[in-house]
Amino acid sequence: MKHTVWHHLNLCPHGDPTATVTDAAIAVRDGRIDWLGAASDLPAAYAQWPREDLGGAWVTPGLVDCHTHLVYGGQRADEFAQRLAGVSYEEIAKQGGGIVSTVRATRAADEATLLRDAATRLEPLLAEGVTAIEIKSGYGLDLASERKMLRVARQLGERYPVTVYTTFLGAHALPPEFAGRADDYITEVCEHMLPALADEGLVDAVDVFCERIGFSLAQSERVFDAAARRNLPVKMHAEQLSNSGGTALSARHRALSADHLEFLDEAGVAAMQAAGTVAVLLPGAYYFIRETQLPPLDLLRRYNVPIAISTDSNPGTSPVTSLLLMMNMATTLFRMTVPEVLQGVTQHAARALGKADVHGTLAVGRSADFAVWPVTTLAELAYWFGRPLCARVVRHGETVYTRPTAPLSTHV
């Protein structure tokens, strides 16, 4: 039996900086939290346990990045340059760029290459305290390539100290071989790709891009129905470029989350509230494509819809590998508060994965997954950008990351 008391810390157990415990302690037995609270209340039974002094640092739950496209081939810096020159995201997509260009690169890459490149994107997230992450497919768009992506995502979870949840996003874009035959492609997704990948244990949830450059409401519902036949939860890329009604559809199917939501209306917000669907906001994509339509924060607040924040890490619209930067952008661009963004990357992000009972909160009986922040106030997590803040990451009670402290140069 391995047991440790982590002490001399300030505790934020729910990711809510308005509900904290100063001068706290956490007792961990065999990777799970055995007790936590004010150090002065630590029961005598823990008096002889080995101790780890955290030097007065703040401790939060391990962060959760609940919407990423981390596995893909190539990059799209040239398209970024086109957008800077005034070409729209939709125009690039119609010219054979956008998602389809990444599909070509992903199909051409082998698993080893995809794994190496995805790992370089994952590592900075882990150094910021991320202990759980969702990774979508959707850049293969045929069975072999989607399988390859999902296998790589699973391997990342096996090789790195992070829990990976995989989402099948076969309905991400129309592959070239199905040009003009979107309904036929949805049949392929629903009747062949999803069943095969689910049977192989590669799918934890199912997503669809419901948009005028993606798939229609009717096609999206076919995907949701196919997921239901496999007892798989669903989520949706919705209302990013227009108000198509996708969020209301996803709510009718009790979706875990609806994501992006810049063009979401009040009817969609009300549907989310009734269904318990989480709003996942993606400030990196909003910033990168220079969107001007803000997500309806006031409506989401009024209806008490839980709001998560994520990187949307992807090559075309959010080449981001920093969840802390997304917290800053959510405050500065969306005018979210510090409590909102902290809960948005902890408990609400966990709920967006359907894993609120596993991640996002520190409580007795749960895995001891937490991040250690040597800051004066938790507001600093959303305040600084470009500065490493996480000093240590603990997963299952074991330290899996410590920030290097040596100077970058000896010439000081």
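L281 of β11 has I309 in β12 as its bridge partner; strands here are DSSP E runs of at least two residues and helices are H or I runs of at least four, numbered from the N terminus. β11 covers residues 278-281 and pairs with β12 in the parallel sense over three bridges, where pairing requires that DSSP find at least two bridges between two strands. The model is a predicted one, in which local features need pLDDT of at least 70 and side-chain atom pairs count only at pLDDT 80 or more, while totals for chains, interfaces and linings use all residues. Residues are numbered from 1 along each chain as its sequence is written, and side-chain values use heavy atoms, with hydrogens and water left out.

The pair belongs to an open sheet of eight strands with parallel pairing, in the order β5-β6-β7-β8-β9-β10-β11-β12. β5 (63-65) and β12 are the edge strands, each with a single partner, so one side of each has no neighbour in the sheet. On average, neighbouring strands are turned by 25° against each other, direction ignored. Helix α6 (residues 182-199) packs on this sheet and touches β7 (163-171) and β8 (205-209), contact meaning heavy atoms within 4.5 Å. The direction of α6 makes about 150° with that of β7; axes are lines fitted to C-alpha atoms, for helices over the stretch in contact, and angles run from 0 to 180 degrees between N-to-C directions.

Q240 is in the loop between β9 (234-238) and α8 (246-252), and T317 is in the loop between β12 (307-309) and α12 (323-334). Q240 counts as buried because its relative accessibility is 6%, and T317 is buried at 6%; buried means under 20% relative accessible area, with a 1.4 Å probe and protein chains only. Leaving aside residues up to four places away in sequence, the contacts of Q240 include F209, H260, F263 and E291.

α12 is also among the elements that cover the buried residues of helix α4, together with β5, α3 (99-108), β6 (130-136), α5 (143-159) and β14 (392-395). Those buried residues include L114, L115, A118, R121 and L125. An α-helix has 3.6 residues a turn, so residues three or four places apart point the same way. α4 (residues 111-126) bends by about 25° at T120, with the proline P124 following within four residues; the bend is the angle between axes fitted to the seven residues ending there and the seven starting there.

Notes
Buried < 20%, exposed > 50% of the residue type's maximum accessible area, 1.4 Å probe, protein only.
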